[in-house]
Amino acid sequence: MKREKICSVILVLVKLTECSTAKSDRIESGYDYLDEDYYGFGDEADDETIDKDTSPQFITEPTALKVNLGGTARLMCEVMELGPNTISWRKISGNESSDTTYIAVGPTLLTNDPRFQVTLNSRGSILQIILAQDLDMGDYQCQVFSHPPIYLTHSLSIKKSAKVDIIGKSTTGAIYVIEGQELALICQGSGDPSPRLSWRRQGRRLVDGAAKISGDQLFYKRVSRRHSGVYICTADNGFGVPAEDRVEVVVKYKPSVALDINYIHQNHATQLEVICHVQGFPPPSVTWTGVEDIKDDIKFISRRERKILVVEDISLVSNKTVFCTGKNSLGEAGESYNFKGNLLTKEKINSTRLISPRQTRSSSSAGTGQPAPLSRTVRQASGPAPALNESVYRTSILNFLQGTKVNLEKLDQSSKRNSAKILKTEMIGLDVLKTVQSLESSVKNVLRQQEMIVNKLINKAKETQSKNM
């Protein structure tokens with residue numbers, strides 16, 4: 001009750017500053033609500049004599065209004081039996097009185113913010129907020145200074161386009177995980193209304209074949225290199241453009257190595273290519289061993305995941321074993337080819353070391369203090385191995401000749417097609433030449449006719465002139 005009287009006193013002070021003309025209008029209407037007796041401050045006021053049927057009552061219902069960011073909010077306050085009572089607007093930001101801000105009293109705005117406007121009519125007041133912002137959200141209270149005062153509260157919220165952030169993403173925009181570990185991708189969305197979240201992978205489907213998955217989390221119990229890629233979390237609340245955030249998942253894995261060989265037959269020697277296919281992340285370093293003593297007769301070629309050892313003469317490795325080893329921070333692996341005694345065998349080297357947060361590095365053999373040896377498995381082809389100097393060479397020569405024959409046939413077909421094109425072009429050229437000759441003849445005929453017409457005109461002019469003389 002004390003607070004209500006304080007508000008009434010403030011109102012009286014504001015009204016005392018109004019012009020005398022406005023005051024006379026109020027007196028002529030039969031009311032002078034600046035009189036303190038009207039607000040019940042006089043000794044003769046009697047609360048029990050108030051007629052409830054004639055006291056102000058709200059026509060407008062409390063409203064939860066939601067507008068777009070940058071839009072216009074219109075808050076209505078219509079009152080039945082308003083009489084001479086004054087309507088004020090205030091914003092309530094909390095439960096404490098200090099969080100209450102008066103916006104308008106009657107037609108007078110108490111804020112310097114030009115976005116606020118207040119309009120009065122015979123039935124009440126309208127508070128309008130243009131270019132609505134986030135700071136405008138809250139409860140707005142319409143108060144009628146009757147006795148006792150009555151209140152109507154509207155709530156205002158601002159529609160905001162969706163936003164989304166992937167939790168745990170590094171500043172580089174990537175998440176690194178070791179093959180075999182768990183992977184959890186979590187994104188957090190915001191906006192009004194709350195957005196719907198979904199996950200997808202850029203440029204391809206998810207590992208399980210789905211185009212996208214709804215939800216804020218994407219979880220894999222055990223990842224492999226197939227899980228690598230750019231993952232996108234999308235937030236959509238139907239307002240504005242859907243928001244996206246992306247993260248690159250980089251799967252680290254130990255190297256894998258596979259060897260192939262190619263024979264290239266030349267005039268006086270057979271060239272050998274040993275192709276080492278190396279995969280792993282971080283990218284493995286590749287080491288070749290077994291050819292150190294012929295380094296002047298070999299060369300190395302690097303093509304992405306293929307490392308190629310080129311031996312100019314196959315006879316240089318007839319009694320050697322060539323090793324290709326790939327190594328990164330997670331381990332190493334390799335393969336070898338053995339050419340000793342014209343016997344071709346393939347040897348696989350598997351690393352026993354894997355460095356990860358859940359595993360320890362095996363750095364030495366038990367009780368020896370020496371590095372643990374690599375485990376090796378030798379696989380030999382069943383049946384007699386081909387001799388390099390006879391059967392392998394003969395087969396390679398036949399393959400080379402067969403390939404040459406196919407290439408010659410293709411070349412012959414291509415030549416025939418080119419000849420047909422040339423013949424067609426010549427025929428088109430002849431047609432064009434005939435057309436040009438025909439046009440030239442037509443032009444000559446036209447010029448000849450024009451010359452005859454001109455000569456006739458000249459002769460006729462001469463005859464006319466001679467007659468006149």
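This report walks through some salt bridges in the structure above.

The model is predicted, so local features need pLDDT of at least 70 and side-chain atom pairs count only at pLDDT 80 or more, while totals for chains, interfaces and linings use all residues. Residues are numbered from 1 along each chain as its sequence is written, and side-chain values use heavy atoms, with hydrogens and water left out.

A salt bridge here means a side-chain nitrogen of Lys or Arg within 4 Å of a carboxyl oxygen of Asp or Glu. Searching the whole structure turns up ten salt bridges. Here are some of them:

| Pair | Closest N and O atoms |
|---|---|
| Asp-113 and Arg-115 | 3.0 Å |
| Lys-320 and Asp-293 | 2.6 Å |

Let's start with Lys-320 and Asp-293. Lys-320 sits in the loop between β21 (306-311) and β22 (321-328), and Asp-293 in the loop between β19 (285-289) and β20 (298-303), so their bridge ties together parts 27 residues apart in sequence. (Strands are DSSP runs of E, at least two residues, numbered from the N terminus.) Lys-320 is buried at 16% relative accessible area, whereas Asp-293 is exposed at 58%. Buried means under 20%, exposed over 50%, and partly exposed in between, using a 1.4 Å probe and protein chains only.

Glu-182 is partly exposed at 33%, and Lys-221 is exposed at 59%.

Finally, Asp-113, Arg-115 and Asp-136 are linked in a salt-bridge network. Asp-113 is partly exposed at 24%, but Arg-115 is buried at 9%.

Methods: Helices (H or I, at least four residues) and strands (E, at least two) are DSSP runs, numbered from the N terminus.
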